[in-house]
Amino acid sequence: KRFSIAEANRSVIILFLTAIPVGFSLYHQKRHISLGAMITAFLCISIFTYSQSFVLAFAVALLTIGLWTFMKRALYIVCAFSLLLFFLAYPWLIPWIYENRMGILDYHAGNFSPLQRLQIWNVTALLAQESPYLGYGINTFRTQEMPFEFVKKDIVTWLHPHNGFAQVWYEFGLIGVLLIGGAIKYLYRICRRTPSQVSLPYLVGLNSLMTIIAISYGLWQSWWIGTFFFFAIIFIIITAHMRHAHTQDDTTLPSSP
């Protein structure tokens, strides 16, 4: 079987999402050499990989850790508000970005290029405006003929819009956006209320996941749904172990006289 860039990119995404809770666990266990080796490995991957979603999610993860140093718990509110605002404004924001891109993305135009993705998102946003309240129905995007010509792509349909937020708008309309947006708000609220030793891993993982959802893949791809559950299980197990270890450390401290 020939090498597949798409399958390799998916493997990188799965490894990266799994590495987030593992990395924080190594940090809490003070295994700095192992943690440094893992971060170095992903830095090398970011240079050679074809996965744009991984590179952006990795950058968001590092940015989240950096901002946490200064903002602490307020960062949860900023992240949740920014994400929900983008989600709600998507059908009008993306066409505005597309029309005012000033040729910045046109220098690298081809299949899987940022310009091609922006074209798909723009078409999806314009179609969502035509049925803004209830959308067109689940999994109907694959049968939608694209009314515009794309960069170096001669087919007339796409399996999905390569953007989870766009797919919600297209398939479920504003009703679906409000329901999914409420679930996202609840997830960030849970992050904010968790103990401090695991709240940052939760936030980094959630921001990274939302970044990937916002720029790549379809919501109903089987491997992606499986990745959600695998990521959630790994996260729950490792963070529960971190929380238990932290509790044990607190109970073994000598009491003050």
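**View 1. The largest nonpolar core of the predicted model has 64 residues.** Those with the most contacts inside this core are F16, L17, Y188, M210 and W224. A nonpolar core is a set of buried Ala, Val, Leu, Ile, Met, Phe, Trp, Tyr and Cys residues joined through side-chain atoms within 4.5 Å, where buried means under 20% relative accessible area (1.4 Å probe, protein chains only). Helix α7 (196-215) gives the most, with eleven residues. Helices are DSSP runs of H or I with at least four residues, numbered from the N terminus.

**View 2. W224 and its contacts.** Leaving aside residues up to four places away in sequence, W224 touches I13, L17, L209, I212, I213, Y217, G218 and L219; contact means heavy atoms within 4.5 Å.

**View 3. Helices α1 (residues 5-28) and α3 (residues 52-71) cross at roughly 15°.** Their axes, lines fitted to C-alpha atoms over the stretch in contact, come within 10 Å. The two helices are therefore roughly parallel, a term for angles under 35 degrees between N-to-C directions, on a scale from 0 to 180. V12, I13, F16 and F24 of α1 meet S53, F54, A57, F58, A61 and I65 of α3.

**View 4. The axes of α3 and α4 come within 8 Å.** T64, L67, W68 and M71 of α3 touch A74, L75, Y76 and V78 of α4.

Residues are numbered from 1 along each chain as its sequence is written, and side-chain values use heavy atoms, without hydrogens and water. In this predicted model, local features need pLDDT of at least 70 and side-chain atom pairs count only at pLDDT 80 or more, while totals for chains, interfaces and linings use all residues.

Definitions and conventions. Angles under 35 degrees count as roughly parallel, over 145 as roughly antiparallel, 65 to 115 as roughly perpendicular and the rest as oblique. Buried means under 20% relative accessible area, exposed over 50%, partly exposed in between (1.4 Å probe, protein chains only).
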